[in-house]
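Let's take a walk through this structure together, one stop at a time. Have the sequence and the 3D view open as you read.

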Amino acid sequence: MECRDLLKKLCSINAVIGREDAAAQAISGILSDYCDEVRVDAFYNVIGLRKGQGENPRNVLVSAHYDQIGLIVTGIDENGFLRFTNMGGVDPKTLAAMEVTVHGRRDLHGVIGSKPPHLIPPEDSDKPVKLEDMLIDIGYGAEQARELVSVGDVVSFRFPVLELKNNRMAGRSMDNRSSVAALVEMLKELERIRHRDNVYAVATVQEESGLVGAFMTSWNLKPDLAIAIDVCHGDMPDAPSDESFPLGKGVAIAVGPILSRKHTRACIKLARQEKIPYQIDAEEKDTGTEAAVYSSALEGIPTLLLSIPAKYMHTAVEMVSLDDIGAAARLAARYIAFRDELDQEGDSND
Amino acid sequence: MFDTISMLVNAFGPSGRENRVAEVVTQMIKDKVDEISSDAMGNLIAVKKGSGKKIMLAAHMDEIGLIITTIDDKGFLRFGTVGGVLPLISLGQRVVFENGLTGVVWYEESIESMKDAKIDKMYIDIGAKTREQARELVEIGDMAVFEGRPVEQNGLIISKALDDRVGCAILAELARRCPATDNEIYYVFTTQEEVGLRGARTAAYAIRPDLAIAIDVTRTGDTPKSKPGAVSLGEGPAIKVKDNSVIAHPRIRERLVDCARENGIPFQFEVVDKGGTDAGSIHITAGGIPSGGVSIPTRFIHSASEIVDIKDVENAARLLEAFIKF
Ligand SMILES: [Zn+2]
């Protein structure tokens, strides 16, 4: 499958944080085309293994989380409207007039209602709407709504994937399905090159609420090297230039205190040699990604963080470039395969 | 059940000082379990042996409290908080130290508005006249807890420290009933929950259970002008969907729902944004331990007058009894 179609397929899967059980099989099916074995653990992390062809293979973990932000039902009112709260970082501003799917007894279409401007008193017109004041309308009255929906059911956003000019794609869940796409593209690339090491390609769960999948994955696989793939902020108007990266200009390689200096340097060197487009992402803190967990898991795992720039993060119109996904995939695959051949001069103090 | 709860809430036990609670629990259950021991964090771990699944039930022994930071020359004590103590709710409360000494929390009356009544504008009066006199009774680092003796009224229990002695009481009752099951049941009375879900982490690491349930309290939405959507007192124990520390494992949550339905036990769902439970640290320990929660609907959490409905407490015990038998 082409990357474009792969990404579309991945974005059509529903895996709201904590309910990845609904999606694990689909993800597992996609990974299994390029892995020697795939299993799903008790928390629905999907773990693919491509065995290394060399002697004494080491274990490399490459992960991309596949959970997505969404909503969760907290109550059903006397008129059948659903109250809700957020699952993960959702900006209430972006929710008004959104189409949603309520994953109740069966999947139900719904809309998040928004008061028409005519009915808003002028003194309230500038006031932001609070999450707790918003409601989902599924068209049913209370009795039917209560039969089909229960408190605790999750809600996903409905937004088709849009193909835009210049290899850009927009939609919900590009955070982090674009990285899952990169994971699969990396596996494809690895089919074409000989690699010594075992590669665990893992689609992880519950990253958006506490990096949960990363805790399990690092403990269970005990890798010698971990590569986390996630999205970073794409460059957009008003975004601070040091925290955002233009789309289509390549994979962002993170540099910072928690990341392995040796591997980061070598990775940048490889990108240059292989003419893989890249950008440098200086991360002064713990990065907020799974890399934070890996780097201090077990006895400490040398960790790399590769990011795909995504505009409008945590909205239903997140936008990425297929070119950046390709660059991330190529760099990860080639780094895994060729890292021992790189000249490692000057790395003694790592 | 009220007697069990009373004995437990009356024990002094702020975070890190849970040993008195552990003693009370030990006396209650030691004859009914196969092993009972404490670990380095002070967790009390009681085991009922079995050949089936290893199930960990966790309730925290610690309560919120105050810790003395300085003593002024007039003998007034300044304090910090241990766990989530709400400043305004502390005002006018009596507090008790481990040695039985009583103090009263008051505020600097020069503040302009009660909004400014932060912890650093408050003090504890123990009736000492000088620093020296105070230091004969307390030292910097000593902790105090709210006073709030248990009362049973109209089917409700009012007391301090129901968070989470009510959970401890449920576990103790359950252990005393010795439910017939092949599963190996770990009754774990944890420490330091209120300061970061800390005890449960090391207990889970040592036990490596197949699954775990945290038994704790959850806020209600049934008081005047409270936030809507939360659970109500007396409508049954709340099966956790999520809190701020954990999303319950879907299979555990479903199993709890099945157990409730099969046994005609009323239940509600808990979906909250704030607050965590021991399940939050257990589920990410040692490669992942599927975890869930059963919560007791509780009004006025973290005050000296928390309220639970005794029916909810009894139903929670029934629900857990059904759950550990599967
Ligand atoms: Zn508690």
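Before the first stop, a word on naming: helices and strands here are DSSP runs, a strand having at least two residues, and they are numbered from the N terminus. One more thing to keep in mind is that this is a predicted model.

With that in hand, find Thr204(A), which sits in strand S12 of chain A, a stretch covering residues 198–204. Is Thr204(A) buried or exposed? Its relative accessible area is 0%, so Thr204(A) is buried.

Next, the salt bridges. How many does the structure hold over all chains? There are 36 of them. Staying in chain A, pick out Arg50(A) and Glu191(A), whose side chains meet in a salt bridge with an N to O distance of 3.9 Å. Arg50(A) belongs to strand S2 (residues 46–50) and Glu191(A) to helix H4 (residues 174–192), so this pair ties together parts that are 141 residues apart in sequence. Arg50(A) counts as buried, at 11% relative accessibility, whereas Glu191(A), at 45%, counts as partly exposed.

Now hop over to chain B. Here the side chains of Arg94(B) and Glu147(B) form a salt bridge, again given as 3.9 Å from N to O. Arg94(B) is in strand S6 (residues 94–97), while Glu147(B) is in the loop between strand S9 (143–146) and strand S10 (151–153), so the pair ties together parts that lie 53 residues apart in sequence. Glu147(B) counts as partly exposed, with 34% relative accessibility.

Another chain B pair to look at is Lys240(B) and Glu270(B), where the salt bridge has an N to O distance of 2.8 Å. This one links distant parts of the chain, with Lys240(B) in strand S14 (residues 238–242) and Glu270(B) in strand S15 (residues 268–271), 30 residues apart. Lys240(B) counts as buried, at 1% relative accessibility, and Glu270(B) is buried too, at 3%. Salt bridges can also share partners: in chain A, they join Arg58(A), Arg196(A), Asp197(A), Arg339(A) and Asp340(A) into one network.

Let's zoom out to the domains of chain B. Domain 1 takes in 2–63 + 160–324, and domain 2 covers 65–146. Their C-alpha centres lie 30 Å apart, and the contact between them takes 13 residues from domain 1 and 14 residues from domain 2. About 1200 Å² is buried between the two domains, with carbon and sulfur atoms giving 63% of that area.

On the side of domain 1 that touches domain 2, the residues divide into four nonpolar, four polar and five charged.

Note on methods. Residues are numbered from 1 along each chain as its sequence is written. Chains are lettered from A and ligands numbered from 1 in the order in which they are written. This is a predicted model: local features need pLDDT of at least 70, side-chain atom pairs count only at pLDDT 80 or more; totals for chains, interfaces and linings use all residues. Side-chain values use heavy atoms; hydrogens and water are left out. A salt bridge is a side-chain nitrogen of Lys or Arg within 4 Å of a carboxyl oxygen of Asp or Glu. Helices (H or I, at least four residues) and strands (E, at least two) are DSSP runs, numbered from the N terminus. Buried means under 20% relative accessible area, exposed over 50%, partly exposed in between (1.4 Å probe, protein chains only). Domain bounds come from an automatic or database domain assignment. Contact means heavy atoms within 4.5 Å. Buried area is the accessible area (1.4 Å probe) that two parts lose on being put together, summed over both. Ala, Val, Leu, Ile, Met, Phe, Trp, Tyr, Cys and Pro count as nonpolar, Asp, Glu, Lys and Arg as charged, and the others, Gly among them, as polar.
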